[in-house]
Amino acid sequence: QNKRKRKPLRKSVKVLIIIAAVLVGLFLLLAAIISPVAHWYIEKHSKDLCGRVVTMDDLHINLFTGSVEIEGLVALEKNDKDTCLAFDRLFVDMSLWKLLGKTVQLNEITLEKPLVVIVQYPGRFNFTDICEFYKDDDDDDDKESTWVVDLRNISLTGGNAIYRDAAVGSRFDLKQLAVKIPRIYFSTE
């Protein structure tokens, strides 16, 4: 009778091991393909996602460490010709487990050589359509959900910003902008 009890137990353990191995294998496969699939999807559907054409040289997403690195991003103006935003590299490192406690903790945000072009037209800016694109029509605020945002080690190097007033014909160029911020912390309470 002891042999009969051991066989179902051994079978159950084998089944659990197989299920665990399949789940780990699927997670590893997802981790391996997420970067190229996300890169392809963002570039192919950028017009639908943000109303602008966006291209990138490379995108790395690490599901194990919670980091994202984007290299060579260029976002075009609405006319699909002129650049409105570009940067050489953006690196963000997030503490994934903190999300379970409703905390968005970014341990590092590094932005290298960004270029931002702001054009002011009478009554609007070149990015007004993006703001309208993301405008939430639903004013139903979730008062019960409290989130904490903790941003650490923020670094911007080699930044350039161009501001142009199309109505007046003025232009301001800010070059070699650099900012280092150790921490920004706020809560929705």
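I looked up Asp80 and placed it in the loop between strand 3 and strand 4. The model is predicted, so I took local features only at pLDDT of at least 70 and side-chain atom pairs only at pLDDT 80 or more, while totals for chains, interfaces and linings use all residues. Residues are numbered from 1 along each chain as its sequence is written, and side-chain values use heavy atoms, with hydrogens and water left out. Helices (H or I, at least four residues) and strands (E, at least two) are DSSP runs, numbered from the N terminus.

**Entry: Asp80**

I checked the backbone angle. Phi of Asp80 is near 60°, which is positive in a residue other than glycine. My cut-offs: buried is under 20% relative accessible area, exposed is over 50%, and partly exposed lies in between (1.4 Å probe, protein chains only).

**Entry: the hairpin**

I then followed the chain on either side of Asp80. Strand 3 and strand 4 form a hairpin, and six residues lie between them. How many bridges pair strand 3 with strand 4? I found nine, in the antiparallel sense, between residues 67-76 and residues 83-94. I call two strands paired if DSSP finds at least two bridges between them. Within this pair, Val74 sits opposite Ala86 of strand 4.

**Entry: other partners of strand 4**

Strand 5 (residues 103-112) is antiparallel to strand 4, joined by six bridges. Here Met94 has Leu106 of strand 5 as its bridge partner. Strand 6 (residues 115-121) also pairs with strand 4 in the antiparallel sense, over two bridges. Which residue of strand 6 stands opposite Ala86? Leu115 does. I note that Ala86 also stands opposite Val74.

**Entry: Lys102**

I checked the loop between strand 4 and strand 5, where Lys102 is found. Phi of Lys102 is near 60°, again a positive value in a residue other than glycine. I list Lys102 as partly exposed, because its relative accessible area is 35%.

**Entry: Ala32**

Last, I went back to the helix. Ala32 lies in helix 1, which covers residues 2-50. I list Ala32 as exposed, because its relative accessible area is 55%. How far apart are Ala32 and Ile61 in space? I read 9.2 Å, C-alpha to C-alpha, with 29 residues separating them in sequence.
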